[in-house]
Amino acid sequence: MRKVDLETFDQQLHAEMLLRWLRRPHVARWWGDAQQGMDNAARCGPEAHAIIVVDGTPVGYLCWQKPAQQELDAAGLLDLPEGLVDIDILIGEPELLGQGIGSQALGLLLAQLRQESAVQFAGLGTSVSNARAIRAYGRAGFRLFREFQDPEWGPCRYMVAEVRGAA
């Protein structure tokens with residue numbers, strides 16, 4: 001089995017690689033405009049994103065943050081639990097899709113978030129047609145919170161995992 005790790009994201013070292021991944025068709029299909037993806041990444045604090053590394057090679061990206069009220073309003077997701085961080089994830093190397101790397105990376109992130117006392121839940125949203133992501137999220141312990149209508153992406157699912165003994 002391959003060794004999956006999370007490493008600190010360094011804007012200077014990793015920005016060009018992230019932009020390259022965001023431009024790849026299999027990522028752009030779900031993330032949209034590459035520059036918008038870079039802008040979203042820039043809004044994450046330095047402690048809130050990571051590079052997914054497999055056997056020492058960077059293969060993907062994770063970022064997490066408290067969801068913006070404006071985004072919640074637009075998507076009608078005002079009922080998300082308190083103490084939730086929203087996660088974005090991508091596997092940038094197409095030949096590594098479907099190998100469980102995303103699920104493992106999410107598991108590592110959940111373990112890391114357990115160290116942060118304020119985080120009770122982690123969540124992520126994706127298009128209902130992104131079956132591969134939905135399966136990966138489920139394998140990592142995320143469960144359907146509910147479906148919603150995203151103004152940009154249409155029908156989506158929001159999935160949540162308990163991070164810390166919340167009721």
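Let's start with helix H6, residues 131–139: Ala133, Ile134, Ala136, Tyr137 and Gly138 are buried there. Buried means under 20% relative accessible area, with a 1.4 Å probe and protein chains only. Helices are DSSP runs of H or I, at least four residues; strands are runs of E, at least two; both are numbered from the N terminus.

A word on the source. This is a predicted model: local features need pLDDT of at least 70, side-chain atom pairs count only at pLDDT 80 or more, and totals for chains, interfaces and linings use all residues. Residues are numbered from 1 along each chain as its sequence is written, and side-chain values use heavy atoms, without hydrogens or water.

Back to H6. Its buried residues pack against helix H5 (101–113) and strands E4 (84–91), E5 (121–127), E6 (143–150) and E7 (154–162). Contact here means heavy atoms within 4.5 Å. Gly141 follows H6, with a positive phi near 105 degrees.

Next, His49. His49 sits in strand E2, residues 49–54. Why does His49 count as buried? Because its relative accessibility is 7%. The side chain of His49 makes a polar contact with the side chain of Tyr61, at 2.9 Å. For that term, read a pair of N or O atoms within 3.5 Å; within protein, one must be able to donate a hydrogen and the other to accept it, and residues adjacent in sequence count only if both atoms are side-chain atoms. The His49 side chain also reaches the backbone oxygen of Gly45, at 3.4 Å.

Last, a helix pair. In H1, Gln11, Ala15, Leu18, Leu19, Leu22 and Arg23 meet Ala34, Gly37, Met38 and Ala41 in H3.

How values were computed:
Buried < 20%, exposed > 50% of the residue type's maximum accessible area, 1.4 Å probe, protein only.
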